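Biologist: I would like a close look at one part of this model, and then at how the rest is arranged around that kind of detail. Please keep to what can be computed from the atoms.

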Amino acid sequence: MATSVSQIGPGKTPPRLISDLLNYVPRLVEDGYNLLADPAQQFQNKPLKRRSPNDCRHNLMRKDSQTQAPISDDISWNSSSQYFVSAICSSCRHHFKISVSVSSGEHNDFCNMSQSEYPLHHLILTDSFRIRDYVAQAPVSKYHGFYETFEYSCTRIKCPIVVKIKITPPRLEKSLLQLIEDAPTLEKRGIKEIRKDPSRFSGQQPVDPFTALKHLASYLSDALHAQWEPRKIAARNKKFRLSFSDDCNDIFNYLDFFFFKDQVEGDDLNYFWRLPLVTDKNRDFLEDVLQELTFRASEVQPQTNNAPILTLAVPAMEQIKIILGFGSFPEKTKNFDANTEEHPYYASLGAVEDFTDELLCWAYDRQCECDPKNKPYYFDCLEDLARGRKSYYLQTKFVVATSAGGYGNKAIEDAYSYFRLQSNTNESDEFIMSLYKGRVESEPSQKNRARGCLEKIARHRNSPSLEALIKDQDMTLDEALEFLGVNIDTSPEFIEASAVALLTDGDKSKVALALKIIAKQKPGDMILQRAAALMAAEIGEACLSISDAYKMLQIPSREISDEGVLNYFQSLSNVAAAGSKENFCEALRLIALDRSSTFLLAKLADPNAEVSACAAEPLGLYNIGNTCYLNSLLQYFYSVKPLREMVMNFDNYRMVINDENMRRKKVGGRQVEKTEIIKAQKFVEELQKLFIDLKTASSPSVRPTKELAALTIFSTQAAEEVARKNSVSSINQLQDNAQKFESLESAQPSSQLPLQNSIVEEKVDVSDHSIEKTSERGDNESEITLVNSDICFQNASDENKDIEPVQTLDFESDSATFNIHATQDSYKISPAPDRPPPVPPRNNSEVSTSKNNSDDYNSVNRLWDFGTQQDVTEVIGNVLFRLQCAITATDYEFPSGEQVDVIRDTFFGANTVYTQKAQILQKKVEAWSYLLVFPAKSLQRSIYEALDISFDEQMVEIDGQNVPQFTSISKLPRIMQFHIQRTAFDQTNLRSWKNRTPVTIPETLYLDRYIDDSENPNSTVMNRRRQTWTWKKELTALEARYEVLTQVQENLNVPDALIATRDWINEIRESPIDGISINPDLPYLLENRIAEVTLELNEISGKIEVLKQKLQNQFIDMCELGYTLHAVFIHQGEAGGGHYWVYIYDSNKDIWRKYNDENVSEVKNRDYIFKHESVGRGTPYYVVYVQSSLLKEMVDPVFRDLHQTKMKESSNISDVPRVSENLTENGLEGLNTTRHIENIETKDHYIHSMSFVPEDR
């Protein structure tokens, strides 16, 4: 049979599916097996999970009002066809809906009994859903119930049938049904009503369950068939009182009855139940309940009452068979006991016992084609069924399958047993090959049997080496070249094309072998290596896994650089024997292919070769002294397309310096001076040079210039501050260290103290570029982060002693505590310290300064030391400020006059802070380039919980009054940056400490919940936010009470203390102590208190869990404003120093890379970033998200063009002719002397369509 499979995996025919449906027991799903979703259990002579005899085998009765199906099996299918049959089980009263529809597409050849090749559909599960698994996320509507669905499609490519099954439990829960079907309850109810008014109920008797069920069913029937306004039932009606009274109000409310009071014909006010008003929303629900009542009434109907209660439904199976296409399929003549349980092999083949031998063979073929992995097991099924049914037709099928090379699991076990092995052995292929060779040498007569057993083992293990041994194939290089019709100098593209051409009609294994042998001769050729690997996979050869390759080379982590991989390889291969060395080479080749590393392939071909960088991968940045965080930042900025485009094309964006532009130039809330613009434009020019190198350099890494580093790191007031500090004694400098945090924030531009012999000249104030700008700062807030932070406060000057410390942030609470400075007209929130840990000092080998003048030398290096202690957050602010200063405005904001440009459009958002003063809701808009995220002190938080601290309502003091205040996002940036506040200050020990508590960072972040919609007081967002604030207050109170009851003092909490006291009292009572009298009621009172406390703790725990679940699910459906995670900055170390690197996402390839100075590597397992409390023993503290809808437009980490590099290098070598000249005379000789691997191919399509492939010249 030709391959025609659209889905891979075991399937089942419609008869099998319906048989499983009738036997489906939802209870077994909780035990780990789902009959409708999981593959059939393989029968290995072990007990299977089965339904018990007491479980219901469903008897499906049709619900005509909810059924749309033909009455005959002559169905004309088309693209719009959709049929469904709804049914109820008359025993367990579960509801079923079987739907059949046609999927969209070009195929419309439907399986049917008239086709010999596809008489029935062969269905495979494509989707399943249980609402019970998601009940915590949203309440379940009674109109839908706790349903579960299963969706299947036909495995035949041309058949577009889709089958969907929906199962819903009974609509009336047992607790409600018990009220009207329990005879003692009904009798007690009737007696109670009769005793209330004996005269009115004279001659009446309590009703039985049948009567009560029939009455309720008649009410629902009347409602469903009502033509006008639903009628009402008097609550004092005798029939109603005896059947339901007031005990059943819950049932009537649940069924949408309406309770009201009315006056009828001058009587006193009376109470009524109006029948349900039937709508599209509740119609199916009410019909289902009516069906349940009808079948339950038929079960409890007294034997003496033969009158039918309601018209019962008809069986549904006939129409289910019709829409599934087996209404008239031929069935086998039954010569077996109908009560005998069906053999599990039928289910394994997706068939039923009723199948004829022909249909059973078809099911076997179809299952083998769709699930080739389990073909040996299906072979065993066919063999045993042929024997059990004593079928000549099946036995013939088995013989034909055997002659075609088929075998079963039993044969596999025998094959392993022949070599005294188990089928699950961990022995290597080489070991099995040695067993085979030894057996053949010792017993030549057993060669054919040994070969047959080895062949089965080779297929079972999918082992090419065992296959090769069986075929006894070998091929030389010359034979391989001749077979493919090429020579050793043929281009790799043509060799690959020749192999592909032969693959269609030739011996695939021989073609793959020839290509593999040629590729081995050219280990540095990426095209041939990849082609050989793909060809091996095409024919099903199993190669060394990439995991085993790393293990073979003893490489501990896949994050290691290519150079590190090469070092491991060389350390092993240099001392290895010839055979082992070949294995090491194969491992290195696989790793190189997995990484797409031309470097490793080239080194495999020639260990002495110089290797150019790959155009498909980004470059690293060398650390030039404490600049790991600077490198991380530059790599991130290079990945941002608008910023990169602006830098690379700076002339198109450069601001012309003239009076008009200077007059309007306002960045960061202030006018910008000319010197600042000149310095900023110099900065962009230096950044442009680096970006060009990152785009065109052929080396694996490039080196930032010191000028760029200085311009990136230093803001003007920081440089001036260091210059001033250099002019005082070292003692005074130590005394002034305590003031650096404040002075650097509040320093104003000054021309009084020019910095001589320094890198920085202009005066730039960037302290007000973000939301964190404050007019005052405490001594724990800083523009810098010193390496030795202890000295800063231990040597504080006297003039700082009277400064009141700013209140520190309580990381553990759900709301931050801020120091509020407010007046009638303005107020500002001073944030907690927002400086991550600094980097430690390194050898500054890359910094070149003149030692002739020691003062100049010390000045520059102190400035450098100062600058290299800055963190990424500070540097980002400096960079964004300089970029805005350097470029021309595209617009100006009104009324602030702030410059609008590509940088502001990309990185800046805005918050609106709302403060309720008296009856007025005041608002204030604040722009920012990043948001603060507050981790907890000890417990893990999600990023949403951390952001809530900034956006939730809290009480702030303004003009001596506490007023509510909350924040919303009024403008979303295209790129959203978050600073995780890791550094806090310990006021007791006067030193900083690093908070390592995890903050969970999702790959997609939804900000709908924070969007400003406050002007609409009834908006969905604000209503939900206010509800969460209320819940959080309740949660805080509950947790506080829980802590009081559970906190431990003297090794005891409250419940344990009460228990200990009770035990002590009992001991005293048993052994009285003179002078101590015990109140006899005290033990009893203690017991009561223990019970009360225990009950209170349980209640609080339950309420806390409910509130947390509500908070978690409150915004789960708000997911329109999505942001995709793009970059994660990591810090490893303490508050006094450490190391930085960054992870950046490449959406084009859907991969993450780690940028660690000069090393750039792919992160193979992204759980390494997202599912660890720490990342590589570091903690994330700055994360970047990009609007998901703008992802391709805003970011692209790989921007390379080696063609430009090669043209530039060629033009710079005077003795090497241009590409357009004749390279055959002296040009190639000049290139050969360098031993530098380059691709001099000038065809554009090679450059753009494939990774850079070095070629040894």
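Does alanine 609 count as buried or exposed, and why?

Modeller: Alanine 609 counts as buried because its relative accessibility is 3%, where buried means under 20% relative accessible area, exposed over 50% and partly exposed in between, with a 1.4 Å probe and protein chains only. The model is predicted, so local features need pLDDT of at least 70 and side-chain atom pairs count only at pLDDT 80 or more, while totals for chains, interfaces and linings use all residues. Residues are numbered from 1 along each chain as its sequence is written, and side-chain values use heavy atoms, with hydrogens and water left out.

Alanine 609 sits in the loop between α25 (598-605) and β10 (610-611); helices (H or I, at least four residues) and strands (E, at least two) are DSSP runs, numbered from the N terminus. Phenylalanine 599 is ten residues from alanine 609 in sequence, and their C-alpha atoms are 9.2 Å apart.

Another element to look at is helix α23 (residues 562-573). Its twelve residues reach 16 Å from the first C-alpha to the last, close to the 16 Å expected at 1.5 Å a residue; the expected span is 1.5 Å times one less than the number of residues. Buried residues of α23 include Val565, Leu566, Phe569 and Leu572.

Next comes a sheet. Six strands form an open sheet in the order β1-β2-β3-β6-β5-β4, with antiparallel pairing; two strands pair if DSSP finds at least two bridges between them. At the edges are β1 (60-62) and β4 (123-130), each pairing on one side only. From one strand to the next the twist averages 25°, with axes fitted to C-alpha atoms, for helices over the stretch in contact, and angles from 0 to 180 degrees between N-to-C directions.

Strands β2 (residues 82-89) and β3 (residues 95-102) run antiparallel and are joined by seven bridges. Isoleucine 88 has histidine 95 in β3 as its bridge partner. Helix α8 (residues 283-300) packs on the sheet and touches β1, β2 and β3, with its direction at about 40° to that of β2. Helix α1 (residues 14-22) lies across β1, β3, β4, β5 (148-154) and β6 (161-168), and runs at about 5° to β6.

For the protein overall, there are 46 helices and 35 strands, and buried residues make up 48% of the 1257 residues. Of the contacts (heavy atoms within 4.5 Å) with a separation of 6 or more, 71% are between residues 24 or more positions apart.
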